[in-house]
Each structure stands twice: as structure tokens, then as C-alpha cells.
Amino acid sequence: LLVRDVISWTSLISGYAEYGPWQEISVCLDQMQVEGISPSVVTVACSLKACGKLEDLGKGRQIHMDITMKGFDENLYIGNALVAMYGKCGSPAEALVVFTKLPNRDVVSWTAVISGYADHGFWQESLELYDGMQLEGVVGNSVTFTCILKACSGMGSIQKGQMVHKEIILKGYEKDLSISNTLVSMYAKCFAFPDAHKIFDLILDRDVVSWTSLIAGYAEHGLGHEALSCFEDMKFEGIKADAFTFACGLKACASVGDLERGRHMHVNILDEGLATDVAVGNMLVDMYSKCGALSEAREAFDELHHKSIVSWTSLITGYAENGPCLEALRCFEQMQSDGLSPNAAILSSVLRACGSIGAIHKGRSIHTTLSQYEFGKDPLVSNGLISMYANCGSLVQAQEVFDQMEVQDV
């Protein structure tokens with residue numbers, strides 16, 4: 001184009017906002033301003049959407065300042081985009097500040113702020129906001145109901161979930177696939193499997209999300225055999241598993257100690273090119289560790305591109321529970337040299353390993369460093385200390401740790 005106006009730029013930017021790569025939007029905005037073109041409301045909204053996708057809170061705040069200077073901040077379209085951006089960038093509190101300042105709020109505004117809290121685990125806050133939305137007489141849409149059902153799942157609040165389910169039926173959303181899948185997930189996570197199956201059986205066009213919602217519920221509640229049965233039924237229906245389905249399947253294998261099924265899934269994962277997925281990689285380590293196949297667990301661990309605290313926990317716990325315990329201590333030291341701080345599960349496992357091989361000096365060394373960790377008095381860690389000292393014959397110190405616990409469990 002010989003002459004580019006705000007419509008030309010906005011068309012290009014909106015394309016990037018919808019399909020990516022979102023980084024290109026920043027380049028376009030800079031070039032647009034160099035050419036002396038001021039962004040429109042739509043241009044700004046697309047830019048905020050890109051910040052949310054990239055979780056670029058700094059850039060989002062910068063755009064917010066520009067919006068305020070140009071007097072766009074009271075525009076409902078811009079306001080909704082700001083609320084959504086802050087929510088997706090992990091700052092629901094800032095989303096709420098913008099939300100409360102909006103002169104008019106519609107279902108998009110409410111859904112954006114509810115989603116910001118629900119997506120980051122603030123279940124109670126999202127449910128309270130939903131109650132506020134109802135008091136204002138705003139009717140939720142399919143996205144609102146999906147967010148609220150996720151909040152009910154997170155809190156394990158089946159009563160609230162059932163109330164939302166009734167509203168979904170009244171509003172005519174019960175046949176929406178996304179809502180049906182979320183209802184299956186909510187009931188499964190709340191251990192209401194008859195209700196989950198009732199919804200699941202009514203879905204005519206079941207997809208991988210429908211099946212995974214059910215499989216994940218069984219796997220999370222330790223019902224490994226039921227999860228694996230669903231996994232086989234899904235394959236029989238011709239539905240291909242995705243990364244999350246395989247992660248849930250591996251978790252089920254670990255819970256029932258089905259090493260052969262886990263190995264078979266590993267082959268399928270490699271065939272589907274999903275071995276590089278972080279969650280799948282971590283679950284492979286966990287599955288092999290819990291099934292006592294420590295050499296295979298180590299191989300899966302070594303193949304991980306990114307070794308997180310979750311990966312280390314699975315490997316160290318596997319060595320501590322199945323031996324060789326000395327390898328658990330080596331891994332613990334390697335993890336620390338890599339710059340990662342242990343969690344309560346790792347400390348408990350390492351202390352158990354110290355007790356198993358009588359490494360009381362290492363156990364005492366760990367005990368003296370516990371003050372630097374916020375979970376130093378975690379029951380899991382305290383029980384690990386008692387076990388370590390008792391197994392090493394240092395019963396006085398075991399009694400001291402026992403007496404300092406706020407609550408002694410079985």
C-alpha cells in the first residue's frame with residue numbers, strides 16, 4: 001500500500017491478535033506510530049489481547065497508561081479488553097480494579113473478571129463475583145458457565161455445581177459441548193461419577209476432552225482401573241488421546257502399578273510425538289518410579305528438556321521408596337547444584353533415604369537447614385525427621401521433633 005491508514009494497520013494487527021504470532025503486534029504498533037498513525041479503539045483492544053496471550057504484564061500496563069492518557073479508559077470495549085488482559089497475565093486484582101471503574105458492565109466484563117480469578121485458582125472469589133453478577137441481573141453466557149463450573153471443581157463444591165447446572169438447563173446451554181465437557185469434569189472431580197456418566201452418555205459428539213474429563217476424574221481419585229478402562233473405550237471409539245489424556249493414563253498406571261500398560265502408553269506417546277510435552281515427560285518419570293522401574297525412570301528423566309521440581313520429586317521419591325537410597329541423596333545434591341530448592345515431598349523422601357541407610361550426619365545436616373524453607377514445620381517433613389532419627393537409633397532427637405509438632409497424626 002502506498003498509503004496506510006489506521007484501518008490498514010488495524011486489519012493487520014487484528015489478524016496477528018487472532019492467529020499469531022502475537023509478538024508481531026508490538027512491531028506493528030511501533031511502526032504505526034513512526035508513521036504518525038494514532039491507534040483506534042479496535043487497534044488497542046487487539047494489542048491488549050496479544051499481551052494476554054503472551055502474558056506480557058509489563059507491556060499491558062504500558063498500553064493501559066497510554067489508554068488513560070488518551071481518554072479511552074471509560075470505553076466499555078477497551079475496559080473489557082483491559083480486564084481480560086490483566087486476568088490472563090495473572091493479575092486478577094488489577095483486573096478487578098479496572099472492572100469496578102467501568103461505568104457500565106456487561107456479560108463480557110463479568111466473564112472476564114470471573115475468568116481471571118478462576119484461571120489462577122481463586123475459586124471462592126470467582127464464585128462471589130458470579131453471585132454479584134446475578135444480583136445485577138446480568139445473564140451468563142457459555143464462557144461464564146464454563147469458568148464457574150471450573151471454580152466449583154477446584155473447590156469441590158458439588159452443591160454449587162448442581163445449582164449452576166440447573167441454571168445452564170434453564171438458559172438452554174446444556175447441549176453446548178464445552179459446557180457438557182466441563183460438567184463431566186466437575187462431577188468427576190467432586191467424586192460424583194454417576195452424575196458425570198449421566199452427562200457423558202448424553203453427549204452425542206464426544207471428543208477427546210469429553211473422554212479425558214472422565215479419565216482425569218478417575219485418575220485423580222486413585223481409581224486407576226476405571227481410568228484405564230475408559231482409556232481403552234476411548235480408543236475403541238476411534239478418539240486419539242492428546243498429551244493431557246496420556247498424562248492422566250500414566251497417572252492411572254502408576255496408581256495401580258501397571259508397568260506393562262505404562263510401557264505400552266510410552267510407545268504410543270513416542271509414536272504421536274508427545275514425548276517432549278512437559279506434563280507427559282514428568283508423568284513418565286513418575287509412572288516408572290512408582291512401578292519400581294527405576295532405570296527406565298532415570299532414562300525418561302534424562303530425556304526431559306526441562307527438569308522441574310516435579311521431575312526431581314518423582315525421581316527422588318522413587319529412589320527413596322524402592323532403592324538404591326544412596327542414589328536419592330545424589331539426586332538431591334544434583335538438584336540443589338542446579339539451583340532448585342526442594343519441596344516438602346523431596347525433603348521427606350531424602351530423610352527417609354537417610355534413615356534407611358543410617359546416614360544420620362546427612363539427615364542432621366538437612367534438619368539444620370530446614371529453617372530456610374517456609375515448610376520446615378510441614379507434617380510431611382516432621383514425620384520424615386522422626387522416621388530418620390528413629391531408624392538411626394537417635395530416639396531422643398526423634399522425640400524432640402515429635403514433641404514440637406503442632407498436630408501428631410497416625
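A residue counts as buried when its relative accessible area is under 20%. By that cut-off Tyr 117 is buried, because its relative accessible area is 9%. The model is predicted.

**Aromatic pairs**

- The count of aromatic pairs comes to eight.
- One of them joins Tyr 117 and Phe 122 in an edge-to-face arrangement, with 5.9 Å from centre to centre and 85° between the planes.
- Phe 193 and Tyr 218 form a stacked pair, because their planes are at 5° and their ring centres are 4.1 Å apart.
- This pair links distant parts of the chain, 25 residues apart: Phe 193 belongs to helix H12 (residues 193-202) and Tyr 218 to helix H13 (residues 208-220).
- Phe 193 counts as buried, with a relative accessibility of 8%.
- Tyr 218 is buried too, with a relative accessible area of 9%.
- Phe 191, Phe 193 and Tyr 218 are linked into a cluster by ring pairs.

**Packing of H18 and H19**

- Helix H18 (residues 294-302) packs with helix H19 (residues 309-322) at an angle of about 165°, and the axes are 11 Å apart.
- Angles over 145 degrees count as roughly antiparallel, and H18 and H19 are therefore roughly antiparallel to each other.
- The crossing of H18 past H19 is left-handed.
- On the H18 side, the contact is made by Leu 294, Ala 297, Arg 298 and Phe 301.
- On the H19 side, the contact is made by Ser 311, Trp 312, Leu 315, Gly 318, Tyr 319 and Asn 322.
- Sorted by class, the residues in this contact between H18 and H19 are six nonpolar, three polar and one charged.

- Lys 251 is in helix H15 (residues 243-256).
- With a relative accessibility of 36%, Lys 251 counts as partly exposed.
- Apart from neighbours within four places in sequence, Lys 251 is in contact with Ala 219, Glu 220 and Met 283.
- The C-alpha atoms of Lys 251 and Leu 228 are 9.8 Å apart in space, and the two residues are 23 residues apart in sequence.

Key: Residues are numbered from 1 along each chain as its sequence is written. This is a predicted model: local features need pLDDT of at least 70, side-chain atom pairs count only at pLDDT 80 or more; totals for chains, interfaces and linings use all residues. Side-chain values use heavy atoms; hydrogens and water are left out. Axes are lines fitted to C-alpha atoms, for helices over the stretch in contact, and angles run from 0 to 180 degrees between N-to-C directions. Helices (H or I, at least four residues) and strands (E, at least two) are DSSP runs, numbered from the N terminus. Angles under 35 degrees count as roughly parallel, over 145 as roughly antiparallel, 65 to 115 as roughly perpendicular and the rest as oblique. A crossing is left-handed if the near helix is turned anticlockwise from the far one by less than a right angle, and right-handed if clockwise. Contact means heavy atoms within 4.5 Å. Ala, Val, Leu, Ile, Met, Phe, Trp, Tyr, Cys and Pro count as nonpolar, Asp, Glu, Lys and Arg as charged, and the others, Gly among them, as polar. Rings of Phe, Tyr and Trp (its six-membered ring) pair if their centres lie within 6.5 Å; planes under 30 degrees apart count as stacked, over 60 as edge-to-face and the rest as tilted. Buried means under 20% relative accessible area, exposed over 50%, partly exposed in between (1.4 Å probe, protein chains only).
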